[in-house]
Amino acid sequence: IGGAIGAFSTGDGISTGGQSRTPICKLPNIEHTEQNFPLLFLYRKEVPNSGGAGKFRGGLSAESCFVAHNTDAITQDTLSSGNAIPTSTGMMGGYPATTNAYNFVVNSDIQKRFTSSDMVDDVSEVSGDHVTLQLRQENFSQTADDVYAVMWSAAGGFGDPMERDPARVAADVLNLAITAEAARNIYGVVLSDATGDADATATEALRADVRAARIARNGKGNGAVKADGKTLYDLTDTLSLRENGAGPRYACRKCAADLGPLGENYKAGCLREDAPLDHANPLIGDSSRFIDDVPQFRQFFCPGCGTLIENEIAVAGEDLLMDLHVEV
């Protein structure tokens, strides 16, 4: 009962915050679990980068890692979904959270590490044979030499990550909510090597360069048409509906670039880039372990200023998802 809670339109989500339908439940005490079951936990931790990036970040998930203890073996089953594609996808430019994940290492060196008092902070540090567990796998055996780590899905973000306050991003790195690599590559924040604080001038320049590069890659230059006229509604932080005499038009809220007429999909008027899912979240694994279809992380940018308007996850070849319908 340690699920993450998604980002809000006004603030970050809650890490390992439980489930709203079970308000009196909480994660069990590991020592009580070890007292009642033949398990020894190596660690339980919140996982950096697991929450979806955004102007407001999704809550983090956690991972439990354990071995069999005081028994010859434990017979395990798996029962899971959401391992190939994130189930919490983010909103209005927010990025998706990580997937559920099993990591099972058999014939590992963990007992040798115990002997030398060499503890691990992550399952990736353990040597051995890595086994891919399926989502409905029954009656596999775990011994004291087999390390089993279970990470559950986190929560999606809200809004464009490059709209996030750089000071919040620096604090996220300090608090191990995200890595320094994610701070730069997803949030566009430059951190000082000396202090770890955000460099405001360098961050502003990097974000401007990223947005300009989006336009340049798509060959649009400065040719975006403006949706002149008054604003009828602000729909999201980056999308508005304007009236220019020819009927209501979707437009970028930042620069008024025209994104198409009301009734059609505004995404068709955006610059579009497709990428693998791990572009959205570095913890998402290879989906081909579980499904044959190829999922994409699609991003839609303003053709005028390069601002991120929205993201979506879809199977390659599928039509654009229509996520917004407005009637005036």
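Which residues of the largest nonpolar core touch the most other members? In this predicted model they are Y95, I178 and Y187, out of 21 residues in that core, where a nonpolar core is a set of buried Ala, Val, Leu, Ile, Met, Phe, Trp, Tyr and Cys residues joined through side-chain atoms within 4.5 Å. Buried stands here for under 20% relative accessible area, exposed for over 50%, and partly exposed for values in between, with a 1.4 Å probe and protein chains only.

Because the model is predicted, local features need pLDDT of at least 70 and side-chain atom pairs count only at pLDDT 80 or more, whereas totals for chains, interfaces and linings use all residues. Residues are numbered from 1 along each chain as its sequence is written, and side-chain values use heavy atoms, with hydrogens and water left out.

Helices (H or I, at least four residues) and strands (E, at least two) are DSSP runs numbered from the N terminus. A second, separate core has 13 residues, including C252, A257, L259 and V326.

**Cavities and pockets**

On a 1 Å grid over the protein atoms alone, a cavity is a set of points where a 1.4 Å probe fits but cannot get out, while a pocket is an open set with protein on both sides within 12 Å along at least five of seven lines; lining residues have an atom within 4 Å of a point. Grid points are joined across faces, edges and corners, and a volume is the space filled by probe spheres set on the points. For the linings, Ala, Val, Leu, Ile, Met, Phe, Trp, Tyr, Cys and Pro count as nonpolar, Asp, Glu, Lys and Arg as charged, and the others, Gly among them, as polar.

| Space | Volume | Lining residues by class |
|---|---|---|
| Largest cavity | about 60 Å³ | 7 nonpolar, 3 polar, no charged |
| Second largest cavity | about 50 Å³ | 3 nonpolar, 4 polar, 2 charged |
| Largest pocket | about 760 Å³ | 18 nonpolar, 12 polar, 3 charged |
| Second largest pocket | about 420 Å³ | 13 nonpolar, 6 polar, 8 charged |

The structure holds 2 cavities of 30 Å³ or more. Lining the largest cavity are N49, G51, A53, I178, A182, I186, Y187, A280, N281 and P282, and of these I178 and Y187 also belong to the largest core. The second largest cavity is lined by M92, G93, G159, D160, T236, D237, T238, L308 and I309.

The largest pocket, at about 760 Å³, has 33 lining residues, of which L79, N100, V150, M151 and W152 are the closest to its centre. Elements that give two or more residues to this lining are α1 (30-36), β1 (39-46), β2 (62-68), β3 (74-76), β4 (101-106) and β7 (147-151).

In the second largest pocket, of about 420 Å³, the closest to the centre among 27 lining residues are Y95, N185, I186, R214 and H279. Here α4, α5 (200-217), β12 (271-275) and β13 give two or more residues each, and α5 gives the most, with 5 residues.

**Q296**

Q296 lies in strand β13 and is buried, with a relative accessible area of 16%. Its side chain makes a polar contact with the side chain of R298 (3.1 Å); such a contact is a pair of N or O atoms within 3.5 Å, where within protein one must be able to donate a hydrogen and the other to accept it, and residues adjacent in sequence count only if both atoms are side-chain atoms. Not counting residues up to four places away in sequence, Q296 touches R272, D274, A275, L277, E312, I313, A314 and A316, contact being heavy atoms within 4.5 Å.
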